[in-house]
Structure formats: structure tokens, C-alpha cells
Amino acid sequence: MDKKIIAVALVAIIVVAAVAAVFVASPSSDKGDVDGATNDCNLWVYGNVNGDNYIDQKDIDLLQKIIAGDDYEVYVEVYDGYNADGTVSRVSFADANQDGDVNSKDIDYIKKIIAYQERYSKAVSEGKLDSFNETFRIYYNNCDNKTCKVDLPIKSLISMYFSNSEVVRLLGAVDRVVATDSTTIAKPTLLPEFQNILNLGDRKAVNSEAVLKTNADAYFTGSASTYSAYLEETVGDHMDVIRLSAWEDNNVMVGTLTLGYMLGCTEKAYEYIDWCHKYMDMISERVSKLSGKVTAIVPKGRGNSLEGNGKGSGQYEITELAGALNPAGELKASSEYPNFTSEWALTKNIQFIVLSGYCGFEKSGSDQIKAAVDDVMSAAYETYKGTPAAKNGQIYFIANEIFTGPSNIVSLAYCAEWFYPDLFEDLDGTAVFQEYIDKFCPALKDYDLKAHLNQFVVGPSTA
């Protein structure tokens, strides 16, 4: 979640998660005032005037009313870049051609977007992308809250970071990837399709000359604060640098659908969005009726380290969406990783501790798993002894591979059933995990999840 979702008072109990709140100014209010109406917006492409995740005739109809003065622009509230300080701005996607004015030219531009996307997506679905040579430019809002352009079609792509590569895979676009990074190559079990692709090394300090030698159309990465901030200057004249969420702030659905639009892979992107909402909406609806909430924190699973996941981290957002109060939001920090001291935890009635662990697909053997899971859980019991969580045996473990990134709905399901077992008797995190593999990880169709479950999660439903 790199553009942080801002909860409206009406839904503050459950939002702040993997969706963005869209606000519509009421015709009865002053222009630009927020008037409480909300929708989910995951397509951050200019031309998505009404924020409904599609660019279609409805956007043209609304834009005509806006130009005539009969309706008002729809705004998405986002964080200004990937940070933990809560700086907020509002974005409207009405100026489709980005000429600085909202007028009839934007209507013409949206018509061209719709027609182009139809032809582009058809070429992709029919396996004719190589011979599709029509070009078109669209504009989008990236995960650093910057308006950027991307030139279509994208026939070749660099995918940096393993979560980004997971997104590319679920969209069905691995065949376009010409280079990747060391984290993707380091996950042969999770990402076997990428193992023979050129490795550009460190995604945080990639060599610009090596990037240029790939002659790729686009470079898919995350926030500039983490990933090679100089790339726009060094390679931006030769390829588009696409910065979208694949894990930041758990805003993965925005990154997935927006990238899917750029790649002409919207069918798979919408399938993923619908799958996420199946569980998110069910959990949101139930926790919204709670009269009281449990309290939970998410320390990083690094031995007895006190570093934790606070505002700005996907792990923090997952606990809140699962219906817990997370007191880490009260901590002042220069980043999304504040310290969780024992003294602080003892004052917060912490009922659940979910360790954000470093295990997952690539760990195997009892020694590796013990070091990654058992040892950090023992350290957590010692560090947070005296809290209700430690006293009641409510310290759990989730591997980061399913805590952030496109499989984060798996961790949401586990947290919801742990926090409120009576409320979610029909929710099985392991079944959700298997469903994610079956639907979006074609190379893992033979993976025996149950045989490896202790590498990913330790909790009451997995004992």
C-alpha cells in the first residue's frame, strides 16, 4: 500500500488497506469539497474520470457534465510519496491528455484511449503483440504521487524486485521480461520462469548502462525512495520508468490493474481484483459490526530486534483491515519501521503479535526453518513477555512473501481468522493460499503447499 489510502469517516473502521478512497464533490457543495461518497479506485490512469476502475463511456458522460458545469470532478486521496508522515493530496484523473485543462479535448482523448486499448488487448490475447505496431501515450499517477507518461505498446519489460515479478506473472506477461534483479533470481521455487532471464543485480542501485543495453520498452519498479531514484534521469529518455506498487502500503491492486492496463492484460488484472475483493469485502463487512476490537502489532521477525512495522508498511495495513487496532500508528517515526520496545508494548494491552518473518518458498530443512521461524518466535516471547499476547500464547508468524505483495490477501485471511475465530469460522487462510497459487501462479501448479506450510505461517489454524 506507496500511496496510502485515506479512510473516510464513514468507513474508517475498515479502510486504510489495499484500496484507495475516491471522493466525489457534491453539486450542492462548493467545488472541490469532499462530500463523503466513496468508491474503490485501482486504475490510476488519466481518463478514469469517475474512478470506477474502467475507462469507458461513463467517463465521457461524466466529463461532459463536468465541462458543462453540471457535475464535479472525482478525487482520489493519496499520500505524497511513500512515507510515514501522512502528507495527503487529492488527484483527479479528468485531464486525460495532461495539457493542464479539462475540456472537450479530453473527451476526444478518452475516446482514443478506449479504441486503442481494445485493439491492444486484442493483439495481446490473440498472441499477435509482435506485429502490433500502433503507438499511443497514456498518463498515470505513480506510487510516488507523480504524474508520468508511458508509451504503448510495451513489448519488452524489465521487472525489478520479486513482488513486481509476481505481479508480471499473474498478468501473464512473463514472456515480455528481458531482465530482472537479484531478488527475483534468488527465488527459483517461487519464480522458476524468471531463472534464465538476465540478472541486473541490485534493484536499489542498478547500473544504468546495463539497463540501457537491454533496449527494453519499460522498466517496472517501485518507489524512488527505495529503488534507484536516478533512473528517470539516466535512462528515462530511452525507456519509461514505471513506478507502481507491488508491495508498498499494500496498494498492490492499484499497481496490478494500472500495470495490466499498460500491458494490455486487463482481463487477468480484473480477475485478480475481483478475487481480492471477495475476501476483503467479506472481512470488512463483518468487522464493521464489531462493538470492540482486539489489539495487534507486527514486529519484524529478526531475532530479538525491536524494529516493527508501522504506518506505511503493508503489514500494518493488513492488521487494520483484519479488524484489529494497531497502536503502532501512534508512534512517531521517520520511516514506516518504528521500534517496538518492551516497555511501550506493556502499556498497550497487546493481545496479538504477528511476526513479519523471513522464511517462505526458498527455505527448506529443519535447521533453516528453525532459524527463520522457531528462533524468532522464542525471541518474541522473551521480548514481549508480560503482554497479554505472550501470556495467552497469541504470538504468530507469517512469512513476508505472503504478508506483502500480490499474495497479501492470504495474510489478511489468516489474521482475520486468528483475531476473531468465532466471526470467521468459515474462513481458511490455507485454502485462500492454495487458491492464490492455483489462480495466479501457473508455474507452481505442482507445489505441495501443505507439506511446506510451516515455512510460511505458524498459528492455531496451521498446527
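1. A word on aromatic pairs to start: rings of Phe, Tyr and Trp (its six-membered ring) pair if their centres lie within 6.5 Å, with planes under 30 degrees apart counted as stacked, over 60 as edge-to-face and the rest as tilted. This is a predicted model, in which local features need pLDDT of at least 70 and side-chain atom pairs count only at pLDDT 80 or more, while totals for chains, interfaces and linings use all residues. Residues are numbered from 1 along each chain as its sequence is written, and side-chain values use heavy atoms, with hydrogens and water left out.

2. Across the whole structure, 26 aromatic pairs turn up. One of them joins phenylalanine 352 and tyrosine 396 in a tilted arrangement, 6.2 Å centre to centre with 45 degrees between the planes. Phenylalanine 352 belongs to strand 13 (residues 352-357) and tyrosine 396 to strand 14 (residues 395-399), so the pair ties together parts that are 44 residues apart in sequence. Helices (H or I, at least four residues) and strands (E, at least two) are DSSP runs, numbered from the N terminus. Phenylalanine 352 and tyrosine 396 are both buried, where buried means under 20% relative accessible area, exposed over 50% and partly exposed in between (1.4 Å probe, protein chains only).

3. Tyr414, Trp418 and Phe419 are among the buried residues of helix 14. That helix (residues 408-419) has 12 residues and reaches 17 Å from its first C-alpha to its last, close to the 16 Å expected at 1.5 Å a residue; the expected span is 1.5 Å times one less than the number of residues. Because 12 of the 12 residues of helix 14 are buried, this helix is largely enclosed by the rest of the structure.

4. Now for the charged side chains. A salt bridge here is a side-chain nitrogen of Lys or Arg within 4 Å of a carboxyl oxygen of Asp or Glu, and the count comes to 16. Glutamate 193 sits in the loop between helix 4 (182-185) and strand 9 (198-199), and arginine 169 in helix 3 (residues 162-170), so the pair ties together parts that are 24 residues apart in sequence. Glutamate 193 is partly exposed at 28% relative accessibility, whereas arginine 169 is buried at 4%.

5. Two further bridges deserve a look. Lysine 268 and glutamate 271 meet at 3.1 Å, N to O, and both lie in helix 8 (residues 266-287), 3 residues apart, about one turn of the helix. Lysine 149 and aspartate 151 also meet at 3.1 Å, N to O, and a network of salt bridges links Arg137, Lys149, Asp151 and Asp240.

6. Finally, the largest pocket has a volume of about 550 Å³. Its lining comprises 25 residues, of which Tyr161, Phe162, Arg203, Tyr358 and Asn400 lie nearest its centre. Helix 9 (314-321) and helix 13 (400-403) each supply at least two lining residues. On a 1 Å grid over the protein atoms alone, a pocket is an open set of points where a 1.4 Å probe fits, with protein on both sides within 12 Å along at least five of seven lines, and lining residues have an atom within 4 Å of a point. By class, the lining has 9 nonpolar, 7 polar and 9 charged residues, with Asp, Glu, Lys and Arg counted as charged, Ala, Val, Leu, Ile, Met, Phe, Trp, Tyr, Cys and Pro as nonpolar, and the others, Gly among them, as polar.

Terms used. Grid points are joined across faces, edges and corners, and a volume is the space filled by probe spheres set on the points.
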